[in-house]
Amino acid sequence: MSRFSINQWTTKRWSVAEVVDGCARHGVEAVGLWRQDVAAQGLAMSVKLVADAGLRVSSLCRGGFLTTGSPEALDDNRRAIDEAAELGAACLVMVVGGLPGVVPGEPLGTFSRDLPAARERVAEALAELAPYAGERGVRLALEPLHPMYCADRAVLSTLGQALDLAERHPAEQVGVVVDTFHVWWDPQVVEQISRAAGRIASYQVCDFLSPLPADALLGRGVMGDGVIDFAPLTAAVAAAGYTGDVEVEIFNADVWAADPDEVLTRVKSAFGELIGL
């Protein structure tokens, strides 16, 4: 269990201070943090809390939303890189953004249907951001999302697409996230995980529920509650040489409503049974 990491939003009711305390009480050595919660706690205080507890920051979530092509998006990502550097995060997770003008959860207004152009904007933004991240010792981690999120959250839908972009840059600057929820369905996933050797910046685990809830964003379950076969994915990640933390990241209304201490106990047990790293 030394590689077990809890993503802060699995215990969403906890602030940075509370999740750090929870990690200490439950013997957890690593935590994935979210920028808005770090901002609410204060960056300097968050850095101190993590350091005083002796925790590793397995990831900072999130940068990205690059498809607008706006200077403001680049500036926000530079700030995210600086925050990740201060926290000593193993990577900055990049959710690259959907079609320009499509806003998650909002009715369609004026937007672009040009998917190839949106993907090219991601490539152009990475060309700007990767050297900046490298100068600060931060690794950008491109996260492909399940295709159902292509329109509004991520125009990268497969691990192969993420690797196509990552491989344009040094491995220490740009890697990829292997998130079981997003990649389990891909018939090429094991092959692409093998291709990702040296590029895996984060391995995130949770289950894919069936049926999905009305809000598909909240369709992540505790491992064992859904349809994913974790063994071949975990074996492929291990064979690719990944030795970093393995982060449990669950967005689920029932999990969020439960007592965070009980959630942490439950996900540790499921991790030990089904992930075993």
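Predicted model: local features only at pLDDT ≥ 70, side-chain atom pairs only at ≥ 80, totals over all residues.
Let's start at arginine 62, which sits in strand S3; strands here are DSSP runs of E with at least two residues, helices are runs of H or I with at least four residues, and both are numbered from the N terminus. Residues are numbered from 1 along each chain as its sequence is written, and side-chain values use heavy atoms, with hydrogens and water left out.

Most peptide bonds are trans, and most residues other than glycine have a negative phi. Serine 210 and proline 211 are also joined by a cis peptide bond, with omega about 0°, and proline 211 belongs to the loop between strand S8 (207-208) and strand S9 (220-221). Back by S3, phenylalanine 65 is in the loop between S3 and H4, and its phi is near 50°, a positive value for a residue that isn't glycine. Phenylalanine 65 counts as partly exposed because its relative accessibility is 24%; the scale calls a residue buried under 20% relative accessible area, exposed over 50% and partly exposed in between, using a 1.4 Å probe and protein chains only.

Now for the barrel. Eight strands close it in the order S1-S2-S3-S4-S5-S6-S7-S10, with parallel pairing; two strands pair if DSSP finds at least two bridges between them. From one strand to the next, the twist averages 30°, where angles run from 0 to 180 degrees between N-to-C directions and axes are lines fitted to C-alpha atoms, for helices over the stretch in contact.

Take the barrel strands in turn. Strand S1 (residues 4-7) runs parallel to S2 and is joined to it by three bridges, with isoleucine 6 opposite valine 31. How many residues of strand S2 (residues 30-34) are buried? Five of the five are, so S2 is largely enclosed by the rest of the structure. In a regular strand the side chains alternate between the two faces of the sheet. In S2, Ala30, Gly32 and Trp34 are buried on one side, and Val31 and Leu33 are buried on the other. Strand S4 (residues 92-95) is likewise covered on both faces, with Leu92 and Met94 buried on one side and Val93 and Val95 on the other. Strand S3 (residues 56-64) pairs with S4 in the parallel sense over four bridges, and there leucine 60 stands opposite leucine 92.

Further along, strand S5 (residues 140-142) and strand S6 (residues 174-179) make a parallel pair over three bridges, with alanine 141 and glycine 175 as bridge partners. Helix H6 (residues 159-166) packs on the sheet here, touching S5 and S6, and its direction makes about 170° with that of S6; contact means heavy atoms within 4.5 Å. Helix H9 (residues 230-239) also packs on the sheet, touching S6 and strand S7 (200-205), at about 165° to the direction of S7.

The helices pack on one another too. Two packed helices are described by the angle between their axes and the distance between the axes. For helix H3 (residues 43-53) and helix H4 (residues 71-87), the axes come within 9 Å and cross at roughly 30°. H3 and H4 are therefore roughly parallel, a label for angles under 35 degrees, with over 145 counting as roughly antiparallel, 65 to 115 as roughly perpendicular and the rest as oblique. Leu43, Ser46 and Val47 of H3 meet Glu83, Glu86 and Leu87 of H4. On its way past helix H5 (residues 115-135), H4 comes within 10 Å, axis to axis, and crosses at roughly 25°. H4 and H5 are therefore roughly parallel as well.

Finally, two residues with partners farther along the chain. Aspartate 186 is in the loop between helix H7 (180-183) and helix H8 (189-195), and counts as buried because its relative accessibility is 9%. Beyond its neighbours within four places in sequence, aspartate 186 contacts Thr158 and Leu159. Arginine 266, in helix H11 (residues 260-274), touches Val222 and Asp225, not counting residues up to four places away in sequence.
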